[in-house]
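Subject: Structure handover

Hello,

Here is the structure for you to look through. My notes on it follow below.

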Amino acid sequence: MKKISTGIKGLDWMLGGGIPQGYLVSVIGSCGTGKTTLGLHFIYEGLKNGEKCLIISFDEDEKGILETAEGYGMDFASHSDNLVVVRLDAEEVKRKVEGFEDHLKRIFESLRPSRVLIDPLTILETLFDEAGRYSFLSKMRSIIKEIGATAIITGESSMDKPSSSKFGIMEYVSDGMIVLKTYRENELDEAILSIEIIKMRRIPHQRKPRPFTISSNGIEVFEESELM
Ligand SMILES: Nc1ncnc2c1ncn2[C@@H]1O[C@H](COP(=O)(O)OP(=O)(O)O)[C@@H](O)[C@H]1O
Ligand SMILES: [Mg+2]
């Protein structure tokens, strides 16, 4: 099975080399845990390899995303030929969902990206009911699978179960789940961030959560350390 680098050394180690090619992996966590940052590392790694990459954002627009990436020293600008950023308005997508699925399909088929980041899916999920959410997510999964891209989709975690996605649906359409959390022993302490692989189909992987930091270089996973 071919593994592709996430662009984060310690995370690649936890995955035994990287994400299996063609997988759809959910990254979930609460606000500010580094979901977007992880996604940007994954995309930047692809850009550096000369791969075509697609970012579908329900949050920031292209300018904001590029600025965030530049803030981590990722030079997205010089790879603009291989990068397409689509900013979608969740309300609008919901209003014309069928037309939107065709629109999405066309974007995927014309670009044929090898890496895809969808960030964050929760905004869209919020607008659908249970059946609608499942149907939308599985359609999106088939579109991604059809072109054989490797994808990261990010989502908020559930308030009472931080290892589950907010609506519990992302789990069903994903081949893998990575969970980001913050820990605080004392309310006045600085929060410690942790990363854990909950699931990765058909491959052995590390199961212990590992600490990580976000700095001006982006995410660094301390693979040698364990959380106390
Ligand atoms: N250039 C930077 N240097 C250091 N830390 C940063 C930088 N940019 C963002 N961060 C940290 O990353 C956090 C946001 O991470 P992000 O990936 O956007 O989280 P999420 O998408 O899960 O909400 C910020 O709250 C900040 O702590
Ligand atoms: Mg984010």
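**Strand β7 and its neighbours**

In strand β7, A151 is the bridge partner of V116. Helices (H or I, at least four residues) and strands (E, at least two) are DSSP runs, numbered from the N terminus. The model is predicted, so local features need pLDDT of at least 70 and side-chain atom pairs count only at pLDDT 80 or more, while totals for chains, interfaces and linings use all residues. Residues are numbered from 1 along each chain as its sequence is written, and chains are lettered from A and ligands numbered from 1 in the order in which they are written.

Strand β6 (residues 115-119) runs parallel to β7 and is joined to it by four bridges; two strands pair if DSSP finds at least two bridges between them. Strand β3 (residues 24-29) is also parallel to β7, with six bridges, and there S26 stands opposite I153.

Strand β7 covers residues 150-156, and seven of its seven residues are buried. A residue is buried if 20 or more other C-beta atoms lie within 10 Å of its own, exposed if 12 or fewer, and partly exposed in between, with C-beta atoms placed from the backbone. T150, I152, T154 and E156 point one way from β7, and A151, I153 and G155 point the other way.

**The chain as a whole**

The protein chain has eight helices and eleven strands. Its radius of gyration is 17 Å, close to the 17 Å that the globule rule gives for 228 residues, so the chain is as compact as a globular protein of that length. The radius is taken over C-alpha atoms, and the rule is 2.2 Å times the number of residues to the power 0.38. The C-alpha trace spans about 50 × 40 × 35 Å along its principal axes. Of the 228 residues, 42% are buried.

In soluble globular proteins, nonpolar side chains tend to be buried together. Here the largest nonpolar core has 57 residues, and V25, I43, I55 and A151 have the most contacts inside it. Helix α2 (residues 35-48) supplies the largest share of this core, six residues. Such a core is a set of buried Ala, Val, Leu, Ile, Met, Phe, Trp, Tyr and Cys residues joined through C-beta atoms within 7 Å. Leaving aside residues up to four places away in sequence, V25 touches I19, A151, I152, S174, D175, G176 and I178; a contact means that the C-beta atoms, placed from the backbone, lie within 7 Å.

**Ligand 1**

Ligand 1 is surrounded by 13 residues, the closest being G32, K35, T36, T37 and G71. A residue is near a molecule if its C-beta atom, placed from the backbone, lies within 6 Å of it. Helix α2 gives the most to this shell, with three residues.

**Backbone details**

Most residues other than glycine have a negative phi, and most peptide bonds are trans. A cis peptide bond joins D119 and P120, with omega about -20 degrees; P120 is in the loop between β6 and α6 (122-125). R112, in the loop between α5 and β6, has a positive phi near 45 degrees. R202 has a positive phi near 60 degrees and is found in the loop between β9 (192-200) and β10. R202 counts as exposed because 9 other C-beta atoms lie within 10 Å.

Regards

Definitions and conventions
Two residues are in contact if their C-beta atoms, placed from the backbone, lie within 7 Å.
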